Amino acid sequence: MVDVILGLQWGDEGKGKIVDYFAPHYDIVARFQGGPNAGHTLYVRDKKIVLHQIPSGIFHENKINLIGSGVVLDVVTLKKECESVAAFGIDYRQSLYISERTHLILPTHRALDRASEAAKGHEKIGSTLKGISPAYMDKTGRNGLRVGDILSGDFRNKYDTLRKKHEQLLQNFSFEEDISADEEAFFESIEFLKTLKIVNGEYFINEKIQSGKTVLAEGAQGSMLDVDFGTFPFVTSSNTITAGVCSGLGIAPQKIKDVIGITKAYCTRVGSGPFPTELHDETGELIRQKGHEFGSTTGRPRRCGWIDLVALNFACMINGVTQLAMTKADVLDTLDVLKLCNKYLINGQETSQVPFQMEGFNVKPEYKEFSGWKLDITQIKAYKDLPSQMDSYINYINSVLGVPVKYISNGPGTDQLIVAE
């Protein structure tokens with residue numbers, strides 16, 4: 001049996017904490033897509049740690065943590081992350097597994113990312129410059145190198161061939177940068193990678209499922225960044241939705257049971273791209289400061305706005321979401337009025353559907369207003385003790401989406417999670 005946890009907005013929904021909450025109830029936690037552009041924040045013994053590549057179940061005893069084939073792996077980041085995990089006394093060598101079909105991010109991928117983004121000028125996508133997109137381009141272009149390749153005798157030759165191809169592309173960008181230091185760290189990390197448990201991921205996970213093991217599939221980024229269904233072209237380079245679990249881990253659709261979708265009580269976005277409910281006023285800045293809305297991977301300030309139920313409904317539909325987790329509800333504690341976008345006005349026409357492309361379509365949000373609860377909810381433990389205004393806010397979301405908000409995060413602490421009755 002496989003359950004899925006994924007983000008329903010533009011990423012940064014607080015997936016790390018929610019995965020950490022659910023992880024003890026599963027035998028395996030598996031990352032199915034994305035790369036080091038993901039940043040899942042956890043608090044271990046009151047210390048903050050951000051995981052970029054390793055699944056969020058790593059801090060739980062007797063759990064298998066699998067990096068699946070749909071991920072693109074930065075081995076330098078992985079090595080540093082393993083060292084950070086080891087500092088907490090965790091024996092990652094016993095619990096971390098990596099699929100041999102997982103594609104590698106090369107130093108030249110990162111250089112190509114920087115060169116490509118710089119060349120776009122004002123039309124840049126807002127890439128995290130981690131080499132994600134060029135690595136996925138090599139994957140679909142059938143040029144990429146995979147984890148299994150490092151165990152072959154001619155890996156260096158394969159690497160040099162791909163590097164030469166990348167250097168020709170970099171010349172087209174008039175890109176001049178010495179990556180020799182990056183290469184040195186890369187090959188040191190390749191040797192480190194060889195010491196970890198590299199497995200035939202698809203057989204590995206299906207054999208575990210067949211034997212009765214339970215799997216929690218962990219997504220990165222958010223549904224509105226999906227390469228096919230997100231706000232194209234301002235998207236990531238992988239399938240961030242439930243369908244990506246099947247292609248990223250090599251499991252059949254009928255193995256998936258519950259899909260837990262995560263949304264903030266409001267909405268944020270990092271980088272460029274359409275954001276219909278974005279706030280450019282002091283309310284948006286208040287949400288940013290109170291919610292500490294700065295990228296866990298990049299440190300960039302996040303754009304903030306009201307919750308968008310049109311986009312959220314779309315995300316629930318394409319993911320088959322069965323229950324919702326709402327994070328950062330306490331950030332809204334001090335606001336007098338709350339707004340929820342329940343329709344778009346596009347070129348004068350009202351709609352409750354997400355258009356195929358938001359950019360250039362003059363999408364204006366239509367709002368329903370609610371009274372704020374004006375109460376500190378961070379110490380509340382039971383759903384019945386929530387203020388009535390908050391109950392109304394959540395019930396309206398439930399009615400629009402047709403999916404229940406079952407979990408409400410009311411603070412950063414691992415114990416600050418209210419379960420709906």
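I'm working on a predicted model here.

**Cavities.** The largest cavity comes to about 40 Å³.

**Domains.** I checked the domain assignment next, and found domain 1 (2-100 + 198-260), domain 2 (103-195) and domain 3 (264-419). Back to the largest cavity: domain 1 and domain 3 each supply at least three of its lining residues. I also took the distance between the C-alpha centres of domain 2 and domain 3, which is 36 Å.

**Sheet.** I traced an open sheet of ten strands with mixed pairing, in the order E9-E7-E5-E2-E10-E1-E11-E15-E19-E20. Strand E9 (197-199) and strand E20 (417-419) are the edge strands with a single partner each, so one side of each has no neighbour in the sheet. From one strand to the next, the twist averages 25 degrees.

I zoomed in on one pair: E15 (residues 323-327) and E19 (residues 405-409) run parallel and are joined by three bridges. Leu324 has Val405 as its bridge partner in E19.

**Helix on the sheet.** Last entry: I followed helix H8 (residues 201-210), which lies across E1, E2, E5, E7, E9 and E10. Against E5, H8 runs at about 145 degrees.

How values were computed: Residues numbered from 1 in each chain as written. Predicted model: local features only at pLDDT ≥ 70, side-chain atom pairs only at ≥ 80, totals over all residues. Heavy atoms only, no water. 1 Å grid on protein atoms, 1.4 Å probe; cavity = no way out; pocket = protein on both sides within 12 Å on 5 of 7 lines; lining within 4 Å. Points joined across faces, edges and corners; volume = space filled by probe spheres on them. Domains from an automatic or database assignment. Pairing = 2+ DSSP bridges. Helix = DSSP H or I, 4+ residues; strand = E, 2+ residues; numbered from the N terminus. Axes fitted to C-alpha atoms, helices over the stretch in contact; angles between N-to-C directions. Contact = heavy atoms within 4.5 Å.
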